[in-house]
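Have the model open in your viewer and let's walk through it together. We'll start with one term, then go from helix to helix.

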Amino acid sequence: MAKAKPFTDLVQARVKADKKFAEVLLREGIDAMLSGDVDTGKTILRNYIKATVGFEKLGEATGAPAKSLIRMFGPRGNPQAKNLFNVIGYLQKRAGLELHVA
């Protein structure tokens, strides 16, 4: 019997292979946070970050230590608005998206 891959590995592989899926995942993570489901939003964005830029490069781009970013998007993380919007702004720019709240 074949060994099953963890779900996060499957999501990350799909993000790397499918640009449209990656875009939808980024949008869903941000939408979840804006609608008040911060834990789900953090989980989605953590998977997106791991599959795209990675925490080290994200830290270099945003000026935040990678370990702080990992904690921020972890299960017990509590991101400050300034840091969160800095990360979201960078991820949008990197993905070539411009998201707006309506």
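Predicted model: local features only at pLDDT ≥ 70, side-chain atom pairs only at ≥ 80, totals over all residues.

Two residues count as being in contact when they have heavy atoms within 4.5 Å of each other. Leaving out residues up to four places away in sequence, R46 touches F55, F73, G74 and P75. R46 sits in helix 3, and it's buried but has no salt bridge. What is the nearest side chain of opposite charge to R46, and how far away is it? That would be D39, at 8.4 Å. A salt bridge needs a side-chain nitrogen of Lys or Arg within 4 Å of a carboxyl oxygen of Asp or Glu, so that cut-off is the one to hold against this distance.

D39 does have a partner, though: K42 forms a salt bridge with D39, with the closest N and O atoms 3.8 Å apart. K42 and D39 are three residues apart in helix 3, so about one helical turn separates them. K42 counts as buried too, at 2% relative accessibility.

Now slide over to helix 2, residues 19-34. Its 16 residues reach 23 Å from first C-alpha to last, close to the 22 Å expected at 1.5 Å a residue. The buried residues here are A22, L25, L26, G29, I30, A32 and M33. They're on the same side of helix 2 because they cover an arc of only 160° around the axis. What do they pack against? Helix 1 (7-17), helix 3 (38-51) and helix 6. On the other side of helix 2, K20 and L34 are exposed.

Helix 2 has its own charged pairing as well. R27 and E23 form a salt bridge, the closest N and O atoms being 3.4 Å apart, and since they're four residues apart in helix 2, about one helical turn lies between them. K20 joins R27 and E23 in a network of salt bridges.

Check the ends of this helix, too. D18 caps the N-terminal end, with a side-chain oxygen 3.1 Å from the backbone nitrogen of K20. D18 also forms a salt bridge with R14, with 3.3 Å between the closest N and O atoms. Just after helix 2, G36 takes a positive phi of about 100°.

Last stop: L84, in helix 6 (residues 81-95). Is L84 buried or exposed? It's buried, with a relative accessible area of 11%. Neighbours within four places in sequence aside, L84 is in contact with M33, M72, F73 and P79. M33 is one of the buried residues of helix 2, while F73 is also touched by R46.

Methods
Residues numbered from 1 in each chain as written. Heavy atoms only, no water. Helix = DSSP H or I, 4+ residues; strand = E, 2+ residues; numbered from the N terminus. Buried < 20%, exposed > 50% of the residue type's maximum accessible area, 1.4 Å probe, protein only. Expected span 1.5 Å × (residues − 1). Arc of directions from axis to C-beta. Polar contact = N/O pair within 3.5 Å; in protein donor to acceptor, adjacent residues only side chain to side chain. Lys, Arg positive; Asp, Glu negative; His and termini not counted.
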